[in-house]
Amino acid sequence: MALETRQAQAVCIPAVHLHMTTATMQVSQKDFEKAQEQLKLLKKDPGNETKLKLYALFKQATEGPCNSPKPGMLDFVKKAKWDAWNSLGNLSQDNARQKYTELVSSLISAESAGQTKDASPEESRHGGYETIIVTTKNNITKIMFNRPERKNAINHQMYREIIKALHEAGKDDSTIAVITGNGEYYTSGNDLNNFANVKPNEMEKMAKDGAVLLKEFVSSFIDFPKPLIAVVNGPAIGISVTLLGLCDIVYASDRATFHTPFSQLGQSPEGCSSYLFPKIMGLAKANEMLLFNKKLTAAQACAWGLVTEVFPDGTFQKEVWERLKAYASLPKNSLAVSKQLLRSMEKEKLHAVNSKECEVLKERWLSDECLNAIVSFFQRKSKL
Ligand SMILES: CCCCC/C=C/CC(=O)SCCNC(=O)CCNC(=O)[C@H](O)C(C)(C)COP(=O)(O)OP(=O)(O)OC[C@H]1O[C@@H](n2cnc3c(N)ncnc32)[C@H](O)[C@@H]1OP(=O)(O)O
């Protein structure tokens with residue numbers, strides 16, 4: 001099907017707009033006209049978003065800033081076109097011509113390289129992070145633990161960076177946020193080096209500061225305003241498991257395992273799991289996990305209600321991201337208010353549980369039981 005016809009079907013761009021009508025500078029005029037001809041040769045539909053961009057740039061290039069009255073709310077197609085054109089503000093006609101030409105040229109090159117990807121927007125990477133990778137694409141902000149050589153263990157810097165990333169993702173244009181791991185592990189939980197190299201007279205400070213950081217970290221999950229999805233790509237340990245109760249959906253590879261070895265480490269539950277796990281799986285099962293270190297397979301975690309769905313590892317990424325892309329195209333504000341409704345009755349309670357758990361842990365970190373467990377980890381006596 002010719003591109004023009006497809007454009008007309010999707011956003012009803014009159015074919016006449018694909019042709020140059022006004023006088024512009026000679027060189028740009030030539031390039032601009034050439035771009036319009038090239039556009040007709042595209043074999044693959046570039047998608048509505050790109051077509052709207054092309055439409056808006058064309059209008060801006062040929063007529064200048066948007067000058068027509070805003071269509072009514074229910075005239076969806078006209079409104080989408082008007083919004084796209086109006087969003088260009090006072091962009092000059094020269095610049096619009098230039099951008100139009102560049103956009104067409106990028107579509108042509110992508111197609112000839114066999115990489116059109118249906119003109120889905122490029123993944124943009126957020127700067128300022130070292131221990132995680134934060135990207136946005138298809139209305140999804142992805143926060144990825146990125147210390148694969150340490151099994152994605154969460155050190156102090158990573159706790160702080162995740163707090164910041166969640167804060168930013170809560171405010172950005174994305175519809176949903178995803179948390180996942182890079183490499184073989186989802187994450188091995190708290191980096192036990194967080195407790196290493198602490199001088200005896202600094203132990204209390206270490207415990208106090210740790211409790212403050214942990215409380216803020218867990219709070220950023222409790223308060224996260226949009227749907228938050230955990231994509232558990234591999235084994236998950238400790239705090240990364242408990243936080244799943246604060247995520248709205250949990251997808252797991254069948255290679256993932258779920259382990260909360262708190263008593264083995266002389267510690268106690270966090271991430272609001274002391275409250276949420278009994279609610280999710282019942283007290284008897286929560287006891288096996290949180291008191292007696294029972295490690296669950298993905299299938300067990302799903303049967304116990306901690307995981308939403310398990311996928312074969314071979315197709316995990318493909319199936320999950322396809323599904324998330326569809327979810328992220330749902331109306332953003334509706335999803336956000338619905339999530340908040342589902343969670344709002346519990347919020348105050350969750351903050352109280354978080355405070356209590358951090359208080360208890362602060363004491364635990366100073367206990368001989370905990371210190372011995374950490375020493376023995378570093379002596380390589382106690383691999384989990
Ligand atoms: C602000 C503070 C908040 C605190 C909140 C509290 C949270 C509680 C928890 O999260 S409890 C869970 C803590 N996690 C663990 O106890 C896991 C410890 N790690 C292991 O048992 C193993 O490393 C393993 C089972 C995850 C993987 O074993 P494997 O043999 O496959 O691989 P290695 O052990 O050789 O791992 C490669 C290197 O990575 C280091 N590493 C992995 N995980 C951690 C970790 N959690 N803490 C510190 N270091 C970790 C491991 O030591 C290896 O390092 P090396 O190459 O230098 O030997």
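This is a predicted model: local features need pLDDT of at least 70, side-chain atom pairs count only at pLDDT 80 or more; totals for chains, interfaces and linings use all residues.
Lys 205 forms a salt bridge with Asp 209, and their closest N and O atoms are 2.5 Å apart. Lys 205 counts as exposed, at 53% relative accessibility. Asp 209 counts as partly exposed, at 38%.

A second pair is Glu 37 and Lys 40, whose side chains meet in a salt bridge of 3.1 Å, N to O. These two are three residues apart in helix H2, residues 26-41, and again the separation is about one helical turn. Glu 37 is partly exposed at 46% relative accessibility, and Lys 40 is partly exposed at 27%.

Helix H13, residues 332-364, holds both of them, three residues apart, about one turn of the helix. Glu 359 has a relative accessible area of 43%, which makes it partly exposed. There is also a network of salt bridges that links Asp 248, Lys 339 and Arg 343. The count for the model comes to 19 salt bridges.

Now back to helix H7, and where the chain goes around it. Helix H7 covers residues 203-222, and the chain passes through it on the way from strand E4 to strand E5; this β-α-β crossover is right-handed. Strand E4, residues 176-181, runs parallel to E5, and four bridges join the two. One of the bridge partners to look for is Ala 230 in E5, which pairs with Ile 179.

How much of strand E5 is buried? The strand covers residues 228-232, and five of its five residues are buried. Leu 228, Ala 230 and Val 232 point one way, while Ile 229 and Val 231 point the other way. Buried here means under 20% relative accessible area. Strand E5 is also joined by four bridges to strand E7, residues 249-253, and these two run parallel. Val 232 has Ala 252 in E7 as its bridge partner.

There is another sheet to point out. It is open, has three strands in the order E6-E8-E9, and its pairing is mixed. Strands E6 (236-237) and E9 (296-297) stand at the edges with a single partner strand each, so one side of each has no neighbour in the sheet. E6 runs parallel to E8, residues 257-259, and two bridges join them. In E8, His 259 is the bridge partner of Ile 237.

Next, the surface. Which residues make the nonpolar patch of about 480 Å²? They are Met 73, Leu 74, Phe 76 and Val 77. Phe 76 belongs to helix H4, residues 76-86, and is exposed, with a relative accessible area of 60%. Another exposed residue is Arg 125, at 57%, which is found in strand E1, residues 124-125. Arg 125 and Val 104 are 21 residues apart in sequence, and their C-alpha atoms are 24 Å apart.

Last, the whole chain. The chain has 384 residues, of which 48% are buried, and contains 14 helices and 10 strands. The C-alpha trace spans about 80 × 40 × 40 Å along its principal axes. The domain assignment gives domain 1 as 30-37 + 45-110, and domain 2 as 132-382. The centres of the two domains, taken over C-alpha atoms, are separated by 43 Å.

Key. Residues are numbered from 1 along each chain as its sequence is written. Side-chain values use heavy atoms; hydrogens and water are left out. Patches are made of residues with over 30% relative accessible area and no salt bridge: like charges are joined within 9 Å, nonpolar side chains (Val, Leu, Ile, Met, Phe, Trp, Tyr) within 5 Å. Accessible areas come from the Shrake-Rupley method with a 1.4 Å probe; for residues, only the protein chains shown count as cover. A salt bridge is a side-chain nitrogen of Lys or Arg within 4 Å of a carboxyl oxygen of Asp or Glu. Buried means under 20% relative accessible area, exposed over 50%, partly exposed in between (1.4 Å probe, protein chains only). Two strands pair if DSSP finds at least two bridges between them. A crossover is right-handed if, with the strands pointing away from the viewer, the path from the first strand over the helix to the second runs clockwise. Domain bounds come from an automatic or database domain assignment.
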